[in-house]
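Colleague: I'm new to reading protein models. Could you walk me through one, feature by feature?

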Amino acid sequence: ESEPGISLIKGKRCRLVVRLMSKIYAAILEEIEKNNYDIFSKRAHTNFFSKLMILLKTLAFRGKD
């Protein structure tokens, strides 16, 4: 839901950081959902490769930023 607001942030670098963090946290939420919301017995996280892929996809499809 926050995606439209990200484009209102001044500064390309700030927009990029906020967009990346939004996508990384969304990926972590997906892991939490895969674990049936069990956050106590297994840590939900994204690995370096996943974060790198998110970065590359975000840079490739960022449009007019």
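Modeller: Let's begin with charge: Lys and Arg count as positive and Asp and Glu as negative, while His and the chain ends are not counted. Each charge is placed at NZ of Lys, CZ of Arg, CG of Asp or CD of Glu. Here the 13 positive and 7 negative charges have mean positions 12 Å apart. This is a predicted model, where local features need pLDDT of at least 70 and side-chain atom pairs pLDDT 80 or more, while totals for chains, interfaces and linings use all residues. Residues are numbered from 1 along each chain as its sequence is written, and side-chain values use heavy atoms, without hydrogens and water.

Colleague: How many helices and strands does the protein have?

Modeller: Both are DSSP runs, numbered from the N terminus: helices are H or I, at least four residues, and strands are E, at least two. This protein has 3 helices and 0 strands.

Colleague: What span should helix α2 have, and how far apart are its end C-alpha atoms?

Modeller: The expected span is 1.5 Å times one less than the number of residues. For the 23 residues of α2 (residues 12-34) that gives 33 Å, and the end C-alpha atoms are 33 Å apart, which agrees.

Colleague: Which residues of α2 are buried?

Modeller: Buried means under 20% relative accessible area, exposed over 50%, and partly exposed in between (1.4 Å probe, protein chains only). In α2, the buried ones are R15, R19, L20, I24, A27 and I32. Their cover includes α1 (3-6) and α3 (48-60), judged by contact, meaning heavy atoms within 4.5 Å.

Colleague: And what follows α2?

Modeller: N36 does, with a positive phi near 55°.
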